[in-house]
Amino acid sequence: MTTATLPTIKIDDSAHRVYDNDKEVHLEPTGYRMLYLFLKYPGKCMSREDILDALWGPQASLELEVRLVDTNVGRIRKVIGKDAITTVVDFGYRFDGKVAA
């Protein structure tokens with residue numbers, strides 16, 4: 001089982017569940033996958049296209065609307081707090097939350 005955590009957020013990858021203060025919270029599948037990606041690469045600045053490619057493959061950014069990333073980041077922020085993910089203007093996003101050891 002892979003588990004990624006923030007001080008109050010825990011992702012159980014084997015069960016595809018997200019917990020906040022040990023209470024299960026709901027994220028759509030895309031939001032879940034995106035949060036897991038951010039936790040996997042804390043501090044890395046990722047363009048919207050990079051995120052689409054990581055979640056759906058290298059051709060995804062040609063077919064999917066990059067605003068899909070913005071929408072899902074907004075949903076994730078509602079669950080984990082707005083300060084954990086920083087908007088990098090005219091580029092994309094960076095996960096700045098602390099990952100618990």
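**Reading helices and a sheet**

Guide: Welcome! This is a predicted model.

Visitor: How do strands of a sheet pair?

Guide: Strands of a sheet pair through backbone hydrogen bonds, and they may be parallel or antiparallel. Here, strand 5 and strand 7 (residues 92-95) are paired in the antiparallel sense, over three bridges.

Visitor: What is the order of the strands in the sheet?

Guide: The order is 5-7-6, in an open sheet of three strands with antiparallel pairing. Strand 5 (45-47) and strand 6 (85-88) each have a single partner strand, so they stand at the edges, and one side of each has no neighbour in the sheet. From one strand to the next, the twist averages 30°.

Visitor: How many bridges join strand 6 to strand 7?

Guide: Four bridges join them, and the two strands run antiparallel.

Visitor: Let's turn to the helices. How far does helix 4 reach from its first C-alpha to its last?

Guide: Helix 4 (residues 67-80) reaches 20 Å with its 14 residues, close to the 20 Å expected at 1.5 Å a residue. After helix 4 comes Gly 81, with a positive phi near 105°.

Visitor: Which residues of helix 4 are buried?

Guide: They are Val 69, Asp 70, Asn 72, Val 73, Ile 76, Val 79 and Ile 80.

Visitor: At what angle do helix 1 and helix 4 pack?

Guide: Helix 1 (residues 29-40) and helix 4 pack at about 75°, and their axes are 9 Å apart. Angles of 65 to 115 degrees count as roughly perpendicular, and helix 1 and helix 4 are therefore described that way.

Visitor: Which residues meet there?

Guide: From helix 1, Thr 30, Gly 31, Met 34, Leu 35 and Phe 38 take part. They meet Val 69, Asn 72, Val 73, Ile 76 and Ile 80 of helix 4. Sorted by class, this contact has seven nonpolar residues, three polar ones and no charged ones.

Note on methods: Residues are numbered from 1 along each chain as its sequence is written. This is a predicted model: local features need pLDDT of at least 70, side-chain atom pairs count only at pLDDT 80 or more; totals for chains, interfaces and linings use all residues. Side-chain values use heavy atoms; hydrogens and water are left out. The expected span of a helix is 1.5 Å times one less than its number of residues. Buried means under 20% relative accessible area, exposed over 50%, partly exposed in between (1.4 Å probe, protein chains only). Axes are lines fitted to C-alpha atoms, for helices over the stretch in contact, and angles run from 0 to 180 degrees between N-to-C directions. Angles under 35 degrees count as roughly parallel, over 145 as roughly antiparallel, 65 to 115 as roughly perpendicular and the rest as oblique. Contact means heavy atoms within 4.5 Å. Ala, Val, Leu, Ile, Met, Phe, Trp, Tyr, Cys and Pro count as nonpolar, Asp, Glu, Lys and Arg as charged, and the others, Gly among them, as polar. Two strands pair if DSSP finds at least two bridges between them.
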